[in-house]
Amino acid sequence: MANSKFEYVRHFELSNTTYLLPNTYIIIRIDGRSFHRFSTLHSFTKPNDPRALSLMNAAAVSVFHDLGGEVVSIAYGVSDEFSFILRKECNLFDRRESKLVSTVVSIFTAYYISLWPKYFPSQPLQRPLPTFDGRAEAEKELMGTLAKDKNEILWSRFGINYNNEEEMFRKGSVVYRNYGAVPESSADDKTDEKDDDSEKKEMAAETKPTISPAEAQKGKSRSQQKREAKKLAKAEVVIEHVDIIKDTFWQKRPWILH
Ligand code: ATP
Ligand code: ATP
Ligand code: MG
Ligand code: MG
Ligand code: MG
Ligand code: MG
Ligand code: MG
């Protein structure tokens, strides 16, 4: 195509490509298309069908695994929506917005459909098949602010419904790689009645030292770094229903937004 009369097409494509702002968190949010109708058609229990939420969570975990390595640092889901936060340093597809969004949407949809029978064994998938839309935000306003503020800005948009009873319904689902020493019975979901000071003390007492992937790489040989990066990428992806607005969630998992 070079130097041909079609060269102009290339210019158009290039000028039309959005590269997301470097060194900022990329948020990719997917949302089920017409899920009000889809949920009725498939007899979801209202307002919160746990099978449907678990299927969303499983599809989100598959996005972590499929993209591999350290692409997604954390994801958060409610209803027919999931938000994937990519690392600030993420350079996948040179941070081209359309490649990132279309890939995440496609992986999520593929796994949602293929995992359907596992979560709805007696409910065959009917047409119109479930599909998702997606959009990206690279947040300038997250730059230069404290991690705490970042989290507040980040999560305050996702409209958590605190009025329902079950944890998964009330707090949504958070998905991340568990690199470190989060206590088994993680106390951060039970600190509602405690003040900030007691939370900090509790942390110091319970949390073993945790290395972030970035820290783990300091002063290591290249092959050592590669081995450890592989190991870290293999860390278990976990799903929890905890309050991610609280500081303790982030303090106990410093590798997430390192
Ligand atoms: P759009 O295509 O614009 O997103 P939508 O019908 O998907 O339209 P949303 O605002 O995304 O509208 O709302 C999703 C709807 O899907 C909810 O209002 C609810 O009816 C249904 N839904 C999603 N998840 C569940 C669930 N786990 N249990 C019961 N209903 C659900
Ligand atoms: P990327 O993720 O960067 O797109 P890719 O492996 O998909 O990587 P492409 O440039 O998109 O690379 O090329 C698609 C490749 O898929 C082809 O080179 C070919 O090997 C294979 N392929 C696609 N369609 C067919 C087909 N119908 N028959 C055989 N091979 C195919
Ligand atoms: Mg919508
Ligand atoms: Mg929807
Ligand atoms: Mg929605
Ligand atoms: Mg191709
Ligand atoms: Mg290809």
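Predicted model: local features only at pLDDT ≥ 70, side-chain atom pairs only at ≥ 80, totals over all residues.
**Exercise 1. How many residues does α3 have, and how far does α3 reach from its first C-alpha to its last?**

Residues are numbered from 1 along each chain as its sequence is written, while chains are lettered from A and ligands numbered from 1 in the order in which they are written.

Solution. 
- Step 1: find the helix. Helices are DSSP runs (H or I, at least four residues), strands are too (E, at least two), and both are numbered from the N terminus. α3 covers 50-67.
- Step 2: get the span. α3 has 18 residues and reaches 26 Å.
- Step 3: check it. The expected span is 1.5 Å times one less than the number of residues, and α3 comes out close to the expected 26 Å.
- Step 4: look just past the end.

**Exercise 2. Which residues of α3 are buried?**

Solution. 
- Step 1: set the cut-offs. Buried takes 20 or more other C-beta atoms within 10 Å of a residue's own, exposed 12 or fewer, and partly exposed is in between, with C-beta atoms placed from the backbone.
- Step 2: read off the list. A52, L53, L55, M56, N57, A59, A60, V61, V63 and F64 are buried in α3.

**Exercise 3. Work out what surrounds ligand 1.**

Solution. 
- Step 1: count. The shell holds 16 residues, and the closest are F35, H36, F44, D49 and A52. To be near the ligand, a residue needs its backbone-placed C-beta atom within 6 Å of it.
- Step 2: assign elements. β1 (26-32), α2 (35-41) and α3 each supply at least two residues, and α2 gives the most, with 3.
- Step 3: sort by type. You get 5 nonpolar, 6 polar and 5 charged. Here Ala, Val, Leu, Ile, Met, Phe, Trp, Tyr, Cys and Pro are nonpolar, Asp, Glu, Lys and Arg are charged, and the others, Gly among them, are polar.
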